[in-house]
Amino acid sequence: MNRRSIKLKVVVALAGLAVVCAAHAQKKEAAAPSKKAAASATRDAVTTEFEKFRELMEDASPAELFEARGEALWKAKRGPKNASLEQCDLGLGPGVLKGAYVQMPRYFADADRVMDAERRIVHCMVTLQGFKAEDLAKQPFSSESRTPDPVLLVTYVAGQSRGMKIAIPQKHAKEREIFGIGREIYNFRAGPWDFSCASCHGEDGKRIRTQELPNFTSKEQAIRAFQGWPGYRMTGGLMHTLQWRLNDCFRQQRFPEPGYVSETLTALLTYVGANANGHVYKGPGIKR
Amino acid sequence: MKLFEASNLGAAALAIALTAQAGDDRAKAVEMMKRDFHARGIAGMDRLNEDGLQALCNRSRNQPPKEIAERMERDQIEAIKYPADGKLMGDWKSGERIAQSGRGMSWSDGGAGASGGSCYNCHRIGPNETSFGTLGNSLYQFGKIRGSTPEIQKYAYGRIYNAKAFNLCSTMPRFGHSGTLTEQQIKDLVALLLDPDSPVNK
């Protein structure tokens, strides 16, 4: 699809969403205090319309522009060692990208540990290109002024698994071990508000405000942890990976901050990811 | 935040709660988190230390043995601090603002006094707010159904102060116990739920 038709589709879709939002605002003002049913119908209409909007956008996704930038970055000679990432082994052999993203986290013998996609890509930037891990961890998330290199690279690599089934391996003893650890982290309640991941993502059909909460302990819904990520987020218009998503969850859990590409996050992604095995990953997408 | 010490009673129950495998994974999980997290803003590393109640709920997957749960709930009820002036109902309009605010206790929030109750995140409350969550039950018409007797006021105040006093492993935070909400803020929320003039009860 060329740029022009992407633009056209975005404009049409945005116009549609604007109409729905305006209608929602009017309805909200006019809502009589006693009309319960009307209130929940309005809310559901907004959620439904957003989903329609996202579907429309899926084949004209802004994420593709980030994938293209990531591809150029992947192939460029960079860093103190002036090397590209083309020899990076994402688990299927050096330079093999097709299907690699949907098979991570996995065990990597060269590092003797389980790594998720972003952790592995950062590992390659350090070992092959000579970047310093602590520099990459300084400002790892997108802002208005900057999209960090690992975000672009993960988006590119994820795009190479579009349409493929999630197949997080559970063969190696360390893969099974970290799955079990991830389950315990998921259920660990602590902090001033006594929250764990499961406090919000432990039951089917719940919401925070109007935001639906997937139950990642369920084999049917766990795929929603991966679907649409890396994602172009409508709120703020920034590209984010799962590293950002998990970081912001822990903020709202009222926990201290997890380290960027830390093992804790690999453990959570292994637990939720293996629960999602068998479901088709649609590639980088759009988030509300 | 004041932490409960794990009681001997709780510790005895813990041994029976998890399978050996899960217990082993749990120990590794806690060790891993303590290695991987760092303090940020007001969110210190002490937040990863479970108090006695959290430890019991975690190790029993929120299904603590009944006798122990009842005794710990009683301990929690006794620790609720009710207002010295005996007045439990504040201003429902202020209560509505507190219920709307999701601020408080995160690393992006400031310190004391800036917190809200995040109530609408999980509960339906007033009829004019259509953006409400469903993790908690609906509180619409709370006072209309129950009345606003001194007993109901005490129950509502206690439940907001420490929901775990009524259901040990409840998902709801302990807003008074954790120091998130002040006495006056809890009074205002009680009024939002119980005042006959509050839209909740219209």
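Modeller: Two residues are in contact if their C-beta atoms, placed from the backbone, lie within 7 Å. With that rule, 68% of the contacts in chain A between residues at least 6 apart in sequence join residues at least 24 apart. This is a predicted model, in which local features need pLDDT of at least 70 and side-chain atom pairs count only at pLDDT 80 or more, while totals for chains, interfaces and linings use all residues. Residues are numbered from 1 along each chain as its sequence is written, and chains are lettered from A and ligands numbered from 1 in the order in which they are written.

We can now turn to the contact itself, to which chain A gives 39 residues and chain B gives 46. On the side of chain B that touches chain A, at least two residues each come from α2 (20–36), β1 (37–38), α3 (52–59) and α6 (119–122) of chain B, where helices (H or I, at least four residues) and strands (E, at least two) are DSSP runs, numbered from the N terminus. The largest share of this side is that of α2(B), with nine residues. Sorted by class, the side of chain B that touches chain A holds 20 nonpolar, 16 polar and ten charged residues; here Ala, Val, Leu, Ile, Met, Phe, Trp, Tyr, Cys and Pro count as nonpolar, Asp, Glu, Lys and Arg as charged, and the others, Gly among them, as polar.

The helix α2(B) comes within 8 Å of helix α10 (residues 263–275) of chain A, axis to axis, and the two axes cross at roughly 135 degrees. Axes are lines fitted to C-alpha atoms, for helices over the stretch in contact, and angles run from 0 to 180 degrees between N-to-C directions. Angles under 35 degrees count as roughly parallel, over 145 as roughly antiparallel, 65 to 115 as roughly perpendicular and the rest as oblique, and α10(A) and α2(B) are therefore oblique to each other. From α10(A), the residues that make this contact are Glu263(A), Thr264(A) and Ala267(A), and from α2(B) they are Met32(B), Met33(B) and Asp36(B). By class, this contact of α10(A) with α2(B) has three nonpolar, one polar and two charged residues.

The strand β1(B) also takes part, for two bridges join β1(B) to strand β8 (residues 257–258) of chain A, and these strands run antiparallel. Two strands pair if DSSP finds at least two bridges between them. Within β1(B), Phe37(B) is the bridge partner of Pro258(A).

Helix α4 (residues 117–127) of chain A is mostly covered, with eight of its eleven residues buried, among them Ile121(A), Val122(A) and Met125(A). What covers the buried residues of α4(A) includes α10 of chain A, along with elements such as α9 (242–252) and β1 (106–108) of chain A.

Conventions:
Buried ≥ 20, exposed ≤ 12 C-beta atoms within 10 Å, placed from the backbone.
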